[in-house]
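Please have the model open as you read.

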Amino acid sequence: QVELVESGGGLVQAGGSLRLSCAASGRTFSSYGMGWFRQAPGKEREFVSAINWSGDNTYYADSVKGRFTISRDNAKNTVSLQMSSLKPEDTAVYYCAVRIYVRRTYSYAESNEYGYWGRGTQVTVSS
């Protein structure tokens, strides 16, 4: 079966950094785009970042541009999110996902274009 597992979350003070990783198993996703989404308590899931199959195109939400960097290693079937200058508003559960549905929107930011999701990892930014 297909499984995506996020890791690297934790508690950090404002201004700090964390590196999230997502490991896929059961199937290779080297031919698919990958994305990161997050959901804070009481709020809807929102787009954070995405990367195309080869890694030469990246996309970021305005709220994280200049602070977060997405990357992937197709040989290891993983995708990572380096987060710097973290703010309390970054507190959320972060999920990685695979873009398996290419719809008319053709947007890496649309959650309905993703069909496989990880269990999520908690990121908490204090102060």
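Over the ring of which residue does the charged end of Arg 99 sit? The ring is that of Tyr 108, with the charged end 4.2 Å from its centre.

A word on conventions: this is a predicted model, where local features need pLDDT of at least 70, side-chain atom pairs count only at pLDDT 80 or more, and totals for chains, interfaces and linings use all residues. Residues are numbered from 1 along each chain as its sequence is written, and side-chain values use heavy atoms, with hydrogens and water left out.

1. **Charges over rings.** Besides Arg 99 over Tyr 108, Arg 45 lies over the face of Tyr 95, at 5.5 Å from the ring centre. The rule asks for NZ of Lys or CZ of Arg within 6 Å of the ring centre and within 35 degrees of the ring normal.

2. **A tilted pair.** The count of aromatic pairs is seven (rings of Phe, Tyr and Trp, the last by its six-membered ring, with centres within 6.5 Å; planes under 30 degrees apart are stacked, over 60 edge-to-face, the rest tilted). Phe 29 and Tyr 116 are tilted because their planes stand at 55°, with centres 5.7 Å apart. This pair links parts of the chain 87 residues apart: Phe 29 is in the loop between strand E3 (18-25) and strand E4 (33-39), and Tyr 116 is in strand E10 (residues 114-117). Strands are DSSP runs of E, at least two residues, numbered from the N terminus. Phe 29 is buried at 1% relative accessible area, while Tyr 116 is partly exposed at 25% (buried is under 20%, exposed over 50%, partly exposed in between, with a 1.4 Å probe and protein chains only).

3. **A stacked pair.** Tyr 59 and Tyr 108 are stacked, 4.6 Å centre to centre with 20° between the planes. Tyr 59 lies in strand E6 (residues 58-60) and Tyr 108 in the loop between strand E9 (92-99) and E10, so the pair ties together parts 49 residues apart in sequence. Tyr 59 is partly exposed at 33%; Tyr 108 counts as buried at 16%.

4. **A ring cluster.** Phe 37, Phe 47, Tyr 114 and Trp 117 are joined into a cluster by ring pairs.

5. **The cavity.** Phe 29 returns here, as one of the residues lining the largest cavity, together with Ala 24, Met 34, Arg 72, Asn 74, Asn 77 and Thr 78. A cavity is a set of points on a 1 Å grid over the protein atoms alone where a 1.4 Å probe fits but cannot get out, and lining residues have an atom within 4 Å of a point.

Definitions and conventions: On a 1 Å grid over the protein atoms alone, a cavity is a set of points where a 1.4 Å probe fits but cannot get out, and a pocket is an open set with protein on both sides within 12 Å along at least five of seven lines; lining residues have an atom within 4 Å of a point. Helices (H or I, at least four residues) and strands (E, at least two) are DSSP runs, numbered from the N terminus.
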